[in-house]
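Welcome! Take a moment to turn the model around on your screen before reading on.

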Amino acid sequence: LVYWAVWSELLGGLADARSGAAPAGCARMRAALARFTAIGARVGLAHFHSALAEVELDLGDTDAAQRSLDAAGELLQATGNAYHAAETQRLAARLAAAQG
């Protein structure tokens, strides 16, 4: 049950970020990702790191976005579950463009 509660919290943060409260949503997402890590969850985590990276890019925080994409990439390599690899690559390209 804890896993799904944290999942819901993360999605709530993403909804906040997409509805105009990006800083608060980003903070909520970061807190949920920390809780996911604390309970040892890995399923869906690369997706959520990528979603956080996109919010961080929207906020102009390229350093944080890089860290989030690095975390997503590490999970993709470690688990071999690459269902979200294309989105991670798209965001990496967007990050590179933002960094010049």
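This is a predicted model: local features need pLDDT of at least 70, side-chain atom pairs count only at pLDDT 80 or more; totals for chains, interfaces and linings use all residues.

In soluble globular proteins, nonpolar side chains tend to be buried together.

**The nonpolar cores**

- The largest nonpolar core is made of 20 residues, and Leu10, Met29, Leu33, Phe36 and Val55 have the most contacts inside it.
- At least two residues of this core come from each of helix 1 (2–18), helix 2 (22–39), helix 3 (45–58) and helix 4 (62–79).
- Helix 3 gives the largest share, with six residues.
- A second, separate core has six residues, including Leu57, Ala65, Leu69 and Leu95.

**A look at Met29**

- Beyond its neighbours within four places in sequence, Met29 is in contact with Leu10, Gly13, Leu14, Phe48, Ala51, Leu52 and Val55.

**Helix 4, side by side**

- Helix 4 has 18 residues and spans 26 Å from its first C-alpha to its last, close to the 26 Å expected at 1.5 Å a residue.
- Its buried residues are Ala64, Ala65, Ser68, Leu69, Ala71, Ala72, Leu75 and Leu76.
- Why do these residues lie on the same side of helix 4? They do so because they cover an arc of only 155 degrees around the axis.
- On the face turned away from that buried side you can find the exposed residues Asp63, Arg67, Glu74, Gln77 and Ala78.
- Helix 2, helix 3 and helix 5 (85–99) are among the elements that cover the buried residues of helix 4.
- Just after helix 4 comes Gly80, with a positive phi of about 75 degrees.

Definitions and conventions. Residues are numbered from 1 along each chain as its sequence is written. Side-chain values use heavy atoms; hydrogens and water are left out. A nonpolar core is a set of buried Ala, Val, Leu, Ile, Met, Phe, Trp, Tyr and Cys residues joined through side-chain atoms within 4.5 Å. Buried means under 20% relative accessible area, exposed over 50%, partly exposed in between (1.4 Å probe, protein chains only). Helices (H or I, at least four residues) and strands (E, at least two) are DSSP runs, numbered from the N terminus. Contact means heavy atoms within 4.5 Å. The expected span of a helix is 1.5 Å times one less than its number of residues. The arc is that of the directions from the helix axis to the C-beta atoms.
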